[in-house]
Amino acid sequence: MKHVKRYLFTICRNTSLTLQARAACEQRIREQLSAEYQPFQAEVEQSPRHEKQELLLKLAIKQLPPRRRRIFWLCKIEGKSHREVAGELGVSPGTINDHIVKATRAIRNFIYLCGSFQET
């Protein structure tokens, strides 16, 4: 019985640590993405770090499949609703949502992997 308790405790602890690490990573990516989409003043000069982040985001979006890239662009960059994009492309809003979720996940992973190498 002691081994089972120890085993369950270890599973819970590891799962908790994994979830905390994942949440921290997702928060960092959310902050990076939200910073990219905030309106910029034309007269403000971009810093080298910001330029690297913008380039990283552009590369992440560019690696998406063409249809997913277009859907992501229409929804997230141009600010159209899922219904508007669905009507424009002739698909269901659920399909649009699926593409947005997959695009966001791919961009998050790309930025996480590439960003960790650039910060050294």
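Four salt bridges are found in the structure, a salt bridge being a side-chain nitrogen of Lys or Arg within 4 Å of a carboxyl oxygen of Asp or Glu. The model is a predicted one, in which local features need pLDDT of at least 70 and side-chain atom pairs count only at pLDDT 80 or more, while totals for chains, interfaces and linings use all residues. Residues are numbered from 1 along each chain as its sequence is written, and side-chain values use heavy atoms, with hydrogens and water left out.

One of these bridges pairs Arg 70 with Glu 88, their closest N and O atoms lying 3.3 Å apart. This pair links distant parts of the chain, from helix H3 to helix H4, 18 residues apart; helices are DSSP runs (H or I, at least four residues) numbered from the N terminus. Glu 88 also bridges to Lys 80, with closest N and O atoms 2.9 Å apart. Through shared partners, Arg 70, Glu 78, Lys 80 and Glu 88 are joined into one network. Arg 70 is partly exposed at 43% relative accessibility, and so is Glu 88 at 39% (buried means under 20% relative accessible area, exposed over 50%, partly exposed in between, with a 1.4 Å probe and protein chains only).

How values were computed
Helix = DSSP H or I, 4+ residues; strand = E, 2+ residues; numbered from the N terminus.
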